[in-house]
Amino acid sequence: MKAMASARLTIVLIGLWAFSSVGVLAQPTSRIWGGEETGKSDYPYVASVRLDGGHICGGTIIGPKSILTAAHCAEEKGKIVSSDRLVVRVGSTNQFSGGKLAYVSAVTVNPDYSGVKNNLAVLTLVDALEWTERIRSIALATSNDDLPAAGANVVVAGWGEQLESDSAFKLNSYKFSMASEEVCKNAYSALDGSEFCLDHPLKEGSCYGDAGNGAVYNNKLVGVSNFVVGACGSRYPDVFTNVAQYAAWIQSVVV
């Protein structure tokens, strides 16, 4: 059954509180369902995007002053939030402490962003990050040749809600499986080249607070967590924005 054709299925954007014509945007909490706690320097490109001091979404360091995330992570009640309400924590696996807090000077949303389409934003930082063992950028996928074949493992790390506990605070990683185009379209009929799906077992995968997380394959950022179909950990694959389709735009705003 195709998600967009069924009244029983809901698209859930996994970041800020908001309302969408295709579903309800729920409140974030702590970390990925079914993930494993990471080492302190395993994912130096991962960032916690924070609104008014609290974690709302994941982000990825793509330049000394640039963090890539989902556009809806910087949106509240249909409007882009002021940059002075946003900070990012980098260089720490603890979403509450450690590493460095970096302030945001500007939010650049993809000009064609609407709902779950073109759901990307670049946060420009006030000061450039200094590279260390725990703070580092990652290369972008620039063509569909960089995408994995169906069945290949794709790694995502973040602080989204954990099934057995909503109080955990450490960074978790999870190995998704690249879904075939057929499987993805069965879950999300509006699929086009700007998205792809990552598969997972029941009661595992992305959840609240995981929006904006980066999906990495062969040491390149291939996707950004967009939404889940049905509910967290449902039988449907999670949908990610295809970074390669937006590489030119992303590179044009990276500082």
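Why is the disulfide of Cys 207 and Cys 232 right-handed? The torsion about its S-S bond is about 85°, so this disulfide is right-handed.

This is a predicted model, in which local features need pLDDT of at least 70, side-chain atom pairs count only at pLDDT 80 or more, and totals for chains, interfaces and linings use all residues. Residues are numbered from 1 along each chain as its sequence is written, and side-chain values use heavy atoms, with hydrogens and water left out.

**View 1. The disulfide of Cys 207 and Cys 232.** The sulfur atoms of Cys 207 and Cys 232 are 2.1 Å apart; a disulfide here is a pair of cysteine sulfur atoms within 2.5 Å. Cys 207 lies in the loop between S16 and strand S17 (214-217), and Cys 232 in the loop between strand S18 (220-229) and strand S19 (238-242), so the bond ties together parts that are 25 residues apart in sequence. Helices (H or I, at least four residues) and strands (E, at least two) are DSSP runs, numbered from the N terminus. Cys 207 and Cys 232 are both buried, where buried means under 20% relative accessible area, exposed over 50%, and partly exposed in between (1.4 Å probe, protein chains only).

**View 2. The disulfide of Cys 57 and Cys 73.** The S to S distance is 2.1 Å. Distant parts of the chain are linked by this pair: Cys 57 belongs to strand S6 (residues 54-63), and Cys 73 to the loop between strand S7 (66-69) and strand S8 (75-76), 16 residues apart. The link is left-handed, with -90° about the S-S bond. Both cysteines are buried.

**View 3. The disulfide of Cys 184 and Cys 197.** Here the S to S distance is 1.8 Å. Cys 184 sits in helix H1 (residues 181-187) and Cys 197 in strand S16 (residues 195-199), 13 residues apart, and the pair links distant parts of the chain. With 60° about the S-S bond, the link is right-handed. Cys 184 and Cys 197 are buried. The structure holds 3 disulfides, and with the bonded cysteines numbered in sequence order the pairing is 1-2, 3-4, 5-6.

**View 4. Asn 242 in strand S19.** Asn 242 is buried, with a relative accessible area of 2%. Leaving aside residues up to four places away in sequence, Asn 242 touches residues including Asn 144, Leu 147, Phe 196 and Val 222; contact means heavy atoms within 4.5 Å. The C-alpha atoms of Asn 242 and Ala 141 are separated by 8.8 Å, and these residues are 101 residues apart along the chain. A polar atom of the Asn 242 side chain lies 3.2 Å from the backbone nitrogen of Ala 244.

Methods. Polar contact = N/O pair within 3.5 Å; in protein donor to acceptor, adjacent residues only side chain to side chain.
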